[in-house]
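Let's take a walk through this structure together. Have the sequence and the 3D view ready, and follow along as we go.

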Amino acid sequence: MKVNLKGTLLASIVFGTLLLGGCDSLLVLDPKGPQAEVQANDTMMLIYIMGAIVLVVFAMLIFMLVKYRASKQSPDYEPPHIHGHWLVETICIGVPVLIVIFLGVRSVESNYLVESAPEEYVEEEPLVIYASSSDWKWHFSYPEQGIETVNYLYIPANRNIEFKLYSHGPITSFWIPQLGGQKYAMADMVTTLHLAADVEGEFWGRNANFAGAGTAEQTFDVTALSQQEFDEWVEEVQETAEPITEEKFEELLEPGHLGRSTYTGTHLEFSPAPEHNHGSSDDVNHDQHEEDTDHSEHENHNDTEHEDHSSH
Amino acid sequence: MEFFERFMIPHPSFLIYVSMVLIVLVSIALVGVITYFKLWGYLWREWITTVDHKKIGIMYLLMALLMLFRGGVDAIMLRYQLSMPENTFLDAQHYNEVFTTHGVVMILFMAMPFITFFFNFLVPLQIGARDVAFPRLNNLSFWLFFMGAMLFNLSFVVGGSPDAGWTSYFPLADVEFSKSVGTNYYMIAIQIAGIGTLMTGINFITTIMKMRAPGMTLFKMPMFTWSALIANLIVVFAFPVLTVALAMGAMDRLFDTQFFAIGNGGMDMLWANLFWVWGHPEVYILILPAFGIFSEIISTFSRRNLYGYNSMVWSMIVISVFAFTVWTHHFFTMGQGAFTNSIFSITTMAIAIPTGVKIFNWMFTLYKGKIEFTTPMLYAVHFIPLFTLGGVTGVMLAMSAADYQYHNTMFLVAHFHNVIIPGVVYAMLAGLTFYWPKMFGFMLNEKIGKATVWVMSTGFLLAFMPMYITGLDGQARRMYTYSESTGFTTLNMVSFVGAGIMAVSFIMLVWNIWYSFKNSPRNIGSDPWNARGLEWATHTPIPAYNFAITPDITDSTSEAFWDMKHKGTEIFKGDIKKIHMPNYSGVPFIMSCGFFLLGFSLIFSMWIPAIVGLIVVLACMAYRSFEKDHGYYIPEEEVKATEKQYEKRGAK
Amino acid sequence: MAKVDHSVPLEYSTEENDLKIFGFWVFLGAEIMLFGTLFAAYFTLVDRTGSGPSGAEIFEITPVLAETFLLLTSSFTIGLAIHAMRLGSKKATLTFMGITLALGLAFLSVEIYEFLHYVHVGAGITVSAFTSILLTTLGTHGLHVTVGFFWGLFIMIQIAKRGLNPETANKSFIFSLYWHFLDVVWIFIFSFIYLKGMM
């Protein structure tokens, strides 16, 4: 019996070490942006606290099982009738309550952090990118730059990116693990996700929410460049890419998988994003960058935004 | 589409054809065997029309084991598909169908009947009642559940399985994106089974509130009965939400309404909300009875009373209330903003508090006990650490900001399997082993039983621990393939091996039943475990009327049988009298067949047979309204004769 | 026959009767959740009219008032029927139940007219999320009234044939609970769907 219990304990320790030891290599625990860092720090903190709780429970259980097993006791031992004791029960409730209060406070703090633009880069206005999904692709529209890409994303590093997410079909979930957690893209409203990359480099993103047969391959590449390189890329696209037309866009929306492609103009001009806006942060720069965007849809949704806010 | 085309499998494969042939062969063999041994009459008289809670319970048990097999095969297929990168065993469409049916079958058609089996078999015995409050309704509940489950499984061979996930989020589940009739099956089969479950809920609340033995106050009820009461209260308040959601979903698909549609004002998020307003309480419907069973087992084999009875009860009540206040944590990432997420993050974490109280109470029950490691106890001893592991990862997921990274990943999959398998499945198997002698008059082999537990836990750890890691490494759930460059290969292979080992433990369980049936001694008496609850005060096998004399537990505690054995408290006072019993009836079965016809016809939009089915249902209800059924009496002499037989056998 | 306890009203007088009344209250708890969910969905979708009409554009006050009057009155008459049942007057019980069901039938006729009107003005069930939930909520209530009508009819036939005994008394009492419940649901529909919609 003892050996077997040790086995269970051993397995959990092995699992624990694997998890802690392999941290650097796990995407979620290898953040490359401020939002992902908040989440990775929370995760590590949770793993330590939860590990401690698990150890306490395991230790108590093993103690009880070893000490009070029948084979160690005389055959005529009669276990006593024990009711609860108020002190024991207060501790059993009190300690978890304290842990939950601590985690609750931390959770609220983190919520407001990941739901607003990262503070490091807040001086500069964010880059707005509309990321919309269709079966089973991602369309990235840069309204300020007047360009659009399919299945790949170039972003400037060290600058806040405000993703406006929506879907041309089923609910999808926009996820770049190393930059930050997911958010849903839905057909009837626009959701907002704030991300930023601390370093230049290539990251990997996907739709994490099951959306039909082609979901597994609904991935995209993210490249974070310096602001200068990004500007050069934009310029290059504006000069060389073909314009996106309504017919072309309809073609792109057909269910299936596509490689990368690049266009000038955005589909938002003829196929605007849904009106409802959900969960956008009240960042101070909002009005400023709103003026910079030159397409009417964006301004429209701003009007409805505050109304929608009050209803949630 | 051509009329007959709809009945074809839209995405056939070799595997499906093989299983089709097998299903047909097995069905023919089954019908053949029943006919050859002239069992139709026996089946009809003794089982199909039965209102005896014990027999209905056993039918639920059979369904649960059957569905465990089906869901398990699905699971093995899923794990095999993912054991290698770019595996071509299943294509995307089949993988989607398999994980959808795996989820629905395991939750609704395996776990639900398993706990309903325990409700049926145990509750009347634990409260000293002759049967449930509405025995015939109980029969109807079972057959509705049965027809729902069969209808759902029929999708495999007729028309195609649902493929939008067990959550079937709209608009993915709408006709535009799920064209086959699969999702119709989902909407309608679950609806029919759900009506059965709702009636079970009403039945057991009434039974527990109104039919307890004299002297059994609420706070003298055995812990499992408490858990059953609370679980059924949750059923009554949660299942109507599912009823409405499924009806709306079915109407969107069949009648082109706009509830969850894209455009015309439809709102996909409404489905997600309604689904989880039911879905989250649903997991507590499953886990609370599991807690109840572990409470019974742990106190029995610690040879001690359950520590902190009152706090056990109150923690369950608190859990049941919180169960309705956390549903949003299933979609923290829907963009409701920091404030809403914060509230639901805190309510979710708060559930850990009463759950923690229960874990500690179980451990304090071991304190100063005399612990015997029987098979049921071994399940319980494995349950505590494994469930704690699942519980703490639940707290991690409750941290909404961090959940943005765990959502839709294998981390989440690992978490809910980590609570449902050691929590619910272990409890069900532990309870099955524990109550097996009471049901069938012989014990399951302890050696094979204990080996099964060890094999199962080993398999479990190997299957699910790797998922926590791949989840944090970015492996999203419900994806049929991944490339080698992701580095998920080794851990997914380990996971598949673990799933295989779990399958071995299931085979060991079945083998144990067969082996024990052949070899176990039959003269085990009515109390082979030296147990404590009132349910053990009956004879084995239990007579149809349960207790010849209604027990009076005014002078006892919640462990009436223990008091009787050790303190000599008398619970069977008075003389044997004639006993009133309910009549068997075939009407619920016919009515359920009507429901099956109605459901099947709706799935394929065949309106005339649907109306015929509806008429059958309504006619059965009308018949019931006019029927005079006052039950019958078992005469005093017959009861006495039966009791004497038991005494002669020395079973008491 | 089961033991009859004469110290309590007839409808409670056997153990089975007592169980049935309790069980029915639990069932009504489930019904509250059912209608509660429909109302929650209604409030969520009420402004999502898409290209279809809003409530204010299609609601007509006259049929709604008529329906309200009919159903409220029927709730009163079913109360009278139960009172008569307790007094042991078979004839009065049957009369008041008959009036109740007649009022219920009248209610359904007006409701069918109302539905036809909605379809006529382009607010059919498939038009928008709002019309879908409106007609589903009203329809679920209407379906309950329809079922109740036949159920009540069956009970009337049984009282006429078998007289007032613990069984029929129990059935008519439970039926009255159901009927009152539908009335309460209607008051919510009247206040929160029609009045709020017309304002």
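Helix 4 (residues 92–126) and helix 6 (residues 182–210) of chain B have axes that come within 11 Å and cross at roughly 20 degrees. Helix 4 of chain B and helix 6 of chain B are therefore roughly parallel to each other; that label goes to angles under 35 degrees, while over 145 is roughly antiparallel, 65 to 115 roughly perpendicular and the rest oblique. An axis here is a line fitted to C-alpha atoms, for helices over the stretch in contact, and the angles run from 0 to 180 degrees between N-to-C directions. Helices (H or I, at least four residues) and strands (E, at least two) are DSSP runs, numbered from the N terminus.

Which residues make this contact? On helix 4 of chain B, they include B:Leu108, B:Met112 and B:Phe119, and on helix 6 of chain B, B:Ile190, B:Ala193 and B:Phe204 are among them. Sorted by type, the residues of this contact are 11 nonpolar, 4 polar and no charged. Nonpolar covers Ala, Val, Leu, Ile, Met, Phe, Trp, Tyr, Cys and Pro, charged covers Asp, Glu, Lys and Arg, and the others, Gly among them, are polar.

A quick word on the ground rules. This is a predicted model, in which local features need pLDDT of at least 70 and side-chain atom pairs count only at pLDDT 80 or more, while totals for chains, interfaces and linings use all residues. Residues are numbered from 1 along each chain as its sequence is written, and chains are lettered from A and ligands numbered from 1 in the order in which they are written.

Now for the chains together.

Chains A and C, though, do not touch: their nearest C-alpha atoms are 11 Å apart.

Last stop, chain A itself: it has 7 helices and 13 strands.

Notes: Contact = placed C-beta atoms within 7 Å.
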